[in-house]
Amino acid sequence: MIEISDVSYRIGGAQILNGINLALPKGGISALIGPNGAGKSTLLSLVARLMPLQSGQVTVDDLTVGACANNTLARKLAILPQASDAAPLLSVHELVSFGRYPYHKGRPTAQDHAKVEQALATFGLMDLAARRLDTLSGGQRQRAQVAMTFAQDTDYILLDEPLNNLDIAASRSLMQVLRDLAAAHDRTIVIVLHDINYAAAYADLIVAMKEGKVVASGAPDDIVTEEVLKDVFGTDPKVHRIDGKVMIEV
């Protein structure tokens, strides 16, 4: 479980997060939603120790972020931030191999190679392994980057808006792979999403944020309602139920 206790964060005079208290369960997919500037990416970065905590505490199972060694946390939690464009001349295999660095420190073992091969197979990248990143489509590059986090072999995977710049087919494919990872590989995935329909369709838990605070947290049926979404986004969405799933009319 990821436990976030009384976490606040400021940049200059701007209050980005304000007293966040949140428990993200182990297992399944937890989606963070909210308007631009809600603090979603900042919260994810603090959990992943990409930015130092200013106040409050974050624990990941028995590890306290900021108090444990970075290498120890890197074996428990992996993150793919928004600004994650890798060197374009790298091959897909080379990029995915970077996920094993917390273990081998530049001296990969047979186990490291096996984990890379598993990640390539899981994300359907075997045929692209030798291709350079600059020859791939946006969806293929994004799959390769997520495969790198999977190769890190952590219990927790944090993804910051991985559907950006992906078309509908690529987005659905990636979300289905993540759903399968959570179910078949016992991974816990925390993902920032702008498209509420993807959160409703694939997440087990949705956390709605606004102005640096958690407005609501719960199952999709409880969060994807006209009342909650109007409060969070300041708009009047139409919510429909289709085949037992909630969906926002766009």
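Select Tyr198 to start: with 12% relative accessibility, this residue counts as buried (buried means under 20% relative accessible area, exposed means over 50%, and partly exposed is in between, using a 1.4 Å probe and protein chains only). Before you click on, know that this is a predicted model, where local features need pLDDT of at least 70 and side-chain atom pairs count only at pLDDT 80 or more, while totals for chains, interfaces and linings use all residues. Residues are numbered from 1 along each chain as its sequence is written, and side-chain values use heavy atoms, with hydrogens and water left out.

**Stop 1: aromatic pairs**

How many aromatic pairs are there? The count comes to two, where rings of Phe, Tyr and Trp (its six-membered ring) pair if their centres lie within 6.5 Å, and planes under 30 degrees apart count as stacked, over 60 as edge-to-face and the rest as tilted. Pick Phe123 and Phe150: their ring centres are 5.8 Å apart and their planes sit at 65°, so this pair is edge-to-face. The pair links distant parts of the chain, 27 residues apart, with Phe123 in the loop between helix H5 (110-122) and helix H6 (138-151), and Phe150 in helix H6. (Helices are DSSP runs of H or I with at least four residues, strands are runs of E with at least two, and both are numbered from the N terminus.) Are Phe123 and Phe150 buried or exposed? Both are buried.

**Stop 2: a charge over a ring**

Next, show Arg100 and Tyr103. Arg100 lies over the face of Tyr103, at 4.0 Å from the ring centre (a charge sits over a ring if NZ of Lys or CZ of Arg is within 6 Å of the ring centre and within 35 degrees of the ring normal).

**Stop 3: a hairpin**

Colour strand S1 (residues 2-11) and strand S2 (residues 14-24): they run antiparallel and are joined by seven bridges (two strands pair if DSSP finds at least two bridges between them). Look at Ile11, which stands opposite Ala14 in S2. Two residues sit between the strands of this hairpin, and Gly12 takes a positive phi near 60°.

**Stop 4: salt bridges**

Side chains of opposite charge can pair when their charged atoms come close. The whole structure has eleven salt bridges (a side-chain nitrogen of Lys or Arg within 4 Å of a carboxyl oxygen of Asp or Glu).

Asp61 is partly exposed at 25% relative accessibility, and Lys26 is partly exposed at 47%.

Now select Asp204 and Arg179, which meet in a salt bridge (3.1 Å, N to O). Asp204 lies in the loop between H8 and strand S9 (205-210) and Arg179 in helix H7 (residues 168-184), so the pair ties together parts 25 residues apart in sequence.

Finish at Lys230 and Asp236, another salt bridge (3.4 Å, N to O). Lys230 is partly exposed, at 47% relative accessible area, while Asp236 counts as exposed at 56%.
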